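Student: I have a model open and want a quick tour. Can you walk me through it?
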Amino acid sequence: MERSADDKQVGARARAFFGSIGARLCGSAWTPLAGKAALGALGFLALAFVGSGAAAEWMPRRVGAYLGPPATSMSAAVPVPAAVADAGAAADAGAHADAAAAAVADAVAVADAGAPIAAVTADGRVILNLATEEDLRKLPGIGATKAKAILALRAKLGRFKRPEDLLRVKGLGRKSLARLRPKLLIDPP
């Protein structure tokens, strides 16, 4: 496809215009300073992103003493009914994955309806995302008022993601959190 003479002239003018701007910028004494200021602003934006906690969702989940063992899916602990297993075996490979996922979800729903998960583990740790007011009052330094405040915060957040979320409760500071941390789990093991 041939370009017309007008298109060639416009292209030549644009190259000349941007070339002259580039030459002026490269020759300016302000270019290094402007570059450093731009890098500094970019650094501040990166720190703000990390500090907001939004970057934590991209990181692998940390498992430590205060978070408990890694979260496992309920499907490993729930047996799949034989009728559902037969139906899944008869399906082809693509549909098998969908049927298996639906079967596990149904089995988990049946198991959840029949046997609720306890909010206190056998060793006495409280699971924050399942605890009731009574369960929270078993923790040291937590009375009825703080237990209600914790439940209100959980309702506001949807669920706790880390123990430091409790610092948003009035009356719970770093020392209280340090005392509570060994007795807390975020989600069931």
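Student: Start with aspartate 135: buried or exposed?

Tutor: Aspartate 135 counts as buried because its relative accessibility is 12%. Buried means under 20% relative accessible area, exposed over 50%, and partly exposed in between (1.4 Å probe, protein chains only). This is a predicted model: local features need pLDDT of at least 70, side-chain atom pairs count only at pLDDT 80 or more, and totals for chains, interfaces and linings use all residues. Residues are numbered from 1 along each chain as its sequence is written, and side-chain values use heavy atoms, with hydrogens and water left out.

Student: What does the side chain of aspartate 135 meet in a salt bridge?

Tutor: Lysine 138, at 4.0 Å from N to O. A salt bridge here is a side-chain nitrogen of Lys or Arg within 4 Å of a carboxyl oxygen of Asp or Glu. Lysine 138 is exposed, with a relative accessible area of 53%.

Student: How many salt bridges does that rule give?

Tutor: Four. One of them joins aspartate 187 and arginine 159, with the closest N and O atoms 2.4 Å apart. That pair links distant parts of the chain, 28 residues apart. Aspartate 187 sits in the segment after β2 (184-185), and arginine 159 in the loop between α6 and α7. Helices (H or I, at least four residues) and strands (E, at least two) are DSSP runs, numbered from the N terminus. Aspartate 187 is buried at 19%, while arginine 159 is partly exposed at 34%.

Student: And arginine 125, where does that lie?

Tutor: In the loop between α4 (93-114) and β1 (126-127). Arginine 125 forms a salt bridge with aspartate 123, with 3.2 Å between the closest N and O atoms. Arginine 125 is buried at 18%; aspartate 123 is exposed at 54%.

Student: New topic. Which residues have the most contacts inside the largest nonpolar core?

Tutor: Among them are Leu128, Ile142, Ile150 and Leu172. The core has 18 residues. A nonpolar core is a set of buried Ala, Val, Leu, Ile, Met, Phe, Trp, Tyr and Cys residues joined through side-chain atoms within 4.5 Å. Its largest share, three residues, comes from α6.

Student: What does isoleucine 142 contact?

Tutor: Leaving aside neighbours within four places in sequence, isoleucine 142 is in contact with Leu136, Arg137, Ala147, Ile150, Leu172 and Leu180. Contact means heavy atoms within 4.5 Å.

Student: Last one. How many helices and strands are in the protein chain?

Tutor: Seven helices and two strands. Of the chain's 189 residues, 21% count as buried.
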